[in-house]
Amino acid sequence: MSKSTGSSSDYLISLVWLGAVVYGLGIFLSNAYAIRLQAIEEFGTVIHEFDPYFNWRATQYLYENGAKKFFTWFDHKVWYPLGRPVGSTIYPGMQFTAVYLKNYVFGDSMSLNDICCYIPVWFGVLATIIVGFIAYEASLPVNTGGSIFGVLLSALCGQYADDKSMASSGSASRIFGLSSPAVESAVFAMGFMAVVPAHLMRSVGGGYDNESVAVTAMTLTFYLWMRSLRSQDQYGYLFGFLAGVAYFYMVAAWGGYIFVLNLIGAHAASLVLLGRFSTRVYLSYTLFYVVGTSLAIQVPVVGWAPLKSLEQLAPCAVFFGYQILQYCEIVRKKKKMSRKEAWKFRIQVAVVSLMIAALLIVAITPKTYFGPISSRVRGLFVPHTKTGNPLVDSVAEHQAASNQAYWQYLHILCYLAPVGLAMVLFRFGDSASFLVVYSLTAYFFSHKMVRLVLLTAPIASALGGIAVGRFVAWSVSSLIGENNDNADLTTEKKNDDVKQTKSNGKSKKKK
């Protein structure tokens, strides 16, 4: 076959592949919208349940009175006869989103009530799209060139694999620079997220609750964090700044921001343990933590909790640990230390840092600087009936999850997600490793409290999409003979390298 004929057929195959991708996206996203819209089509634009109606009332007050009065609003009509300072005790991100859409997007064409009813639908579709981006990022060749065993072996040997060695060569570049199987993984991840009950239960039209917006903010934060770690991207760490901004929106929307902060902190710590600490990782986490925390403390209900609450201090410790590691790396490179000297210097700096930290803790602990662990978080580690808070103890959804609950909320993803996790372990990288930490953490906490099954929806959909997407991509490549073509190209390249080496040797002999 001539080169022109081959290139023409490859272009035609790429167009067919692109058409199939666009068609799949259209089907999945239209289903995501239609399913969430069903309640509105059947019952009209009505706010459902108690919490959504409370949120609607707070939104109405914000729209009519402005932000200044909202934050000082004491509502005498709730928790009667005590009342409640609403503006300073709720997470107002969703309310501000609704008012912004009313004032600057829809205006008089849509009522505030209708906007509040549609917000779960819109943000549910957005979350579906972002989960696809997460699966795409975790399947890109530049992020999937290693394996968990190879990374662990390199870490034990004190070696650091560079970006080129961590890039995969088993992927095909399609039209417009799109990569296979990353695109297939993204499409199927969106398909699963569109219909998974664990997410549907919090994103139905009229269910104007915090989680409907928070899941979108959470997935966006996770995607931007993964994007900041992409290999072979010189300025990728700047996405760490955007991840901090997205985290601020998450903080403003839902109290589950603590999970987001600790998860990213745990992943940053695991990268150090895996020997993947680098300047890119350092800059990404530093930007995320500084920007995110600086903005988070501006939310009235949060205040200084990120720097005082015990359940949020671990990511802070990781932040200071990163500063110490980076300082050690700068000194090591400047003085050209050997491996033994570098480790000796790190231990010395770590001991001094721990002593200073211990003195600070001893000094400020008696002054009640540190806040206690909240009853909800405490309920994750003790039986849900013994937290000490009667309100938390009385809620049924604080009970531990059962196997039946996982099947009810995740269905076939209960089987596909572990397969996708295994694929990630063998197609490993800095970004992809986040899915491993996320999956283990989400399973642990959802098992402790059934309401947190919501947190498993994005990761189960992403891993399920990776499992099905990689299988479909492999099947299509085998069907069109692409694997054979890649093998031939690899062989030709090796032969060319051998010929080039021989010719160089002959030229040296002649000289």
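This is a predicted model: local features need pLDDT of at least 70, side-chain atom pairs count only at pLDDT 80 or more; totals for chains, interfaces and linings use all residues.
**Helix packing and nonpolar cores**

Biologist: Why are α2 and α4 called oblique to each other?

Modeller: The axes of helix α2 (residues 50–71) and α4 cross at roughly 135° and come within 11 Å. Angles under 35 degrees count as roughly parallel, over 145 as roughly antiparallel, 65 to 115 as roughly perpendicular and the rest as oblique. The pair is therefore oblique.

Biologist: Which residues make the contact of α2 with α4?

Modeller: Trp56, Thr59, Gln60 and Tyr63 of α2 meet Leu112, Asn113 and Cys116 of α4, contact being heavy atoms within 4.5 Å. These residues divide into four nonpolar, three polar and no charged. Trp, Tyr, Leu and Cys count as nonpolar, so Trp56, Tyr63, Leu112 and Cys116 fall in that class.

Biologist: How do α18 and α19 pack?

Modeller: Helix α18 (residues 413–426) and helix α19 (residues 433–448) pack at an angle of about 145°, their axes 9 Å apart. α18 passes α19 in a left-handed crossing. Leu421, Val424 and Leu425 of α18 touch Leu435, Val436 and Ser439 of α19. Five of the contact residues are nonpolar, one is polar and none is charged.

Biologist: What makes the largest nonpolar core a core, and which residues touch the most other members?

Modeller: A nonpolar core is a set of buried Ala, Val, Leu, Ile, Met, Phe, Trp, Tyr and Cys residues joined through side-chain atoms within 4.5 Å, and buried means under 20% relative accessible area. This core has 102 residues, and Phe222, Tyr285, Tyr322, Phe434, Leu435 and Tyr438 touch the most other members. Helix α4 (residues 112–137) gives the largest share, 13 residues. Apart from this core lies another, of nine residues, including Leu18, Tyr136, Ala186 and Val187.

Biologist: What is Tyr285 in contact with, leaving aside its neighbours within four places in sequence?

Modeller: Tyr285 is in contact with Trp225, Ile264, Gly265, Ala268, Pro315, Val318, Phe319 and Tyr322.

Biologist: How many residues of the protein chain are buried, as a percentage?

Modeller: Buried residues make up 47% of the 511 residues.

Key
Residues are numbered from 1 along each chain as its sequence is written. Side-chain values use heavy atoms; hydrogens and water are left out. Buried means under 20% relative accessible area, exposed over 50%, partly exposed in between (1.4 Å probe, protein chains only). Helices (H or I, at least four residues) and strands (E, at least two) are DSSP runs, numbered from the N terminus. Axes are lines fitted to C-alpha atoms, for helices over the stretch in contact, and angles run from 0 to 180 degrees between N-to-C directions. A crossing is left-handed if the near helix is turned anticlockwise from the far one by less than a right angle, and right-handed if clockwise.
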